[in-house]
Amino acid sequence: MEEKVLSILEDICGTDEIKNDMDIDLFENGLLDSLGVIELIVDIEDNFNIKLEPTEVKREDISTPRKVIEYLSKRT
Amino acid sequence: MLPFSGLFFFYILFIFFIGAIILGILGKPLKWYGFFVNLFMLWLIFGNSKKNIIILLMFLTGELALVEIYIHIRKHFNNRWILWIMILFSILPLILTKWGEQLIHRHVALLGISYLTFKVVQVLIETYDGLIDKMNPLSFTYFLLFFPTISSGPIDRSRRFLEDISHVMKKEEYIENLRRGIYKLGKGAFFKFFLGAIVSNYWMAKIPTDRNFINILNYMYAYSFYLYFDFAGYSFMAVGTSYIFGIKTPDNFNIPYLSHDIKEFWNRWHMSLSFWFRDFIYTRIVMSFIKNKVFKNKYTASYIGFIITMFTMGAWHGTQRHYLVYGLYHGILICFTDYFERKSKWYKSVKNNEKWDTVFTFVTFNLVCFGFLIFSGKLFI
């Protein structure tokens, strides 16, 4: 799952910085914005069959690649 | 009486703070004391006329019934059109305050109604999403009619608010909370009653009334600073007061005039409103566009989302022409900024450069001020 999440994030953010730094702040560094969050939610639903509601996910829960993976592993 | 205006309000508020602070320091729950204080403050704010009280009670009863009924319905049906009907009912009072004279030949007004309506719609949408499946009527009333935020926000979220009222703080936690509350309250008072008053009396009021370029430009900056100090000041006071009663109402302003672009500005200005619009309008529209593959390009979907969202934001302030233009102006600015920042190689090469950063901040500040000039209605006289 980890690999898949990282490749989804790379696609959305358009950069491979993500694999090098699992603790990079996606919002502070301008890698993820409102549109990016929507794509992430849609992609997660398509790939892992986890349905997330927009206000269910707090930005601080998914602010770094590591946190995204942790959040999703709690949900599966 | 309006919250946070006049010495009498603060006098009563400070007396009620004493009880909250004692309970907080003893590590006791603040919930029941909060309910009681809220009831008293509502009476103080709305009690000056019988009509006000009746309208408030009708509003509360109607919205509460709607929420309870919908929570019940949602357990059996999850059709989207039921949600739409419920939302329509929930905004009916707001519609009546805007067009009451045309629709029912009556003038209807209720302090803070546009802010209260946001909270109800949030509860309805999150019920549809399956995030809310029960609502205690007393807690809902406290959430909806929480006196520090009743007149102009910040717009809190129900799940967050209800967590706060059921959480009993330990002594150290409350004291830290109290410290932050007092700081915010003081900062807010300084902003609104000192800085705001200075800008209003010694700058804005001194601008000659004849319309020429210099005067309008001068008014644009004066009004922008006045609006910021007045509204951010009020918001800080509301947040600070909430903290003292044990509710961590979200902040509304985070030095917005130092934003590097318009998108950042909306993450720093009237945040509780822009986040509400982001979460319940923009995200929903764009998500449905993307899921149903309405547009080939995801950015087209996003731009249409921005324009609809910001236009709605403008219209929410009022249906006068200057508010609608204000909404469109910001919608177009956001789209243009997003496009420019994605496409321009030059921008990408200089965006981490400190000097250019200052330039972008300066340009953003001026674009924002021009937006407020539109908002003020001065251009459309």
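Phe265(B) is about as hidden as a side chain gets by the numbers: at 0% relative accessibility it counts as buried. Keep in mind that this is a predicted model. Phe372(B) is buried too, with a relative accessible area of 2%.

## Aromatic pairs

Counting over all chains gives 63 aromatic pairs. Take Tyr142(B) and Phe146(B): their ring centres are 5.5 Å apart and their planes sit at 85 degrees, so this pair is edge-to-face. Both Tyr142(B) and Phe146(B) are buried.

Back to Phe265(B) and Phe372(B): here the centres are 6.4 Å apart with the planes at 65 degrees, and since over 60 counts as edge-to-face, so does this pair. Phe265(B) belongs to helix α10 (residues 262–266) of chain B and Phe372(B) to helix α15 (residues 354–376) of chain B, so the contact ties together parts that are 107 residues apart in sequence.

## Charges over rings

Chain B also puts some charged side chains over rings. Arg278(B) lies over the face of Phe275(B), 4.5 Å from the ring centre. Lys378(B) does likewise with Tyr219(B), at 4.4 Å from the ring centre.

## Helix α1 of chain A

Over in chain A, helix α1 covers residues 2–13, which is 12 residues. From first C-alpha to last, α1(A) reaches 16 Å, close to the 16 Å expected at 1.5 Å a residue.

What are the buried residues of α1(A)? They are Val5(A), Leu6(A), Ile8(A), Leu9(A), Glu10(A), Ile12(A) and Cys13(A). These buried residues pack against α2 (17–20), α3 (34–48) and α4 (65–75) of chain A.

Notes
Residues are numbered from 1 along each chain as its sequence is written. Chains are lettered from A and ligands numbered from 1 in the order in which they are written. This is a predicted model: local features need pLDDT of at least 70, side-chain atom pairs count only at pLDDT 80 or more; totals for chains, interfaces and linings use all residues. Side-chain values use heavy atoms; hydrogens and water are left out. Helices (H or I, at least four residues) and strands (E, at least two) are DSSP runs, numbered from the N terminus. The expected span of a helix is 1.5 Å times one less than its number of residues. Buried means under 20% relative accessible area, exposed over 50%, partly exposed in between (1.4 Å probe, protein chains only). Contact means heavy atoms within 4.5 Å. Rings of Phe, Tyr and Trp (its six-membered ring) pair if their centres lie within 6.5 Å; planes under 30 degrees apart count as stacked, over 60 as edge-to-face and the rest as tilted. A charge sits over a ring if NZ of Lys or CZ of Arg is within 6 Å of the ring centre and within 35 degrees of the ring normal.
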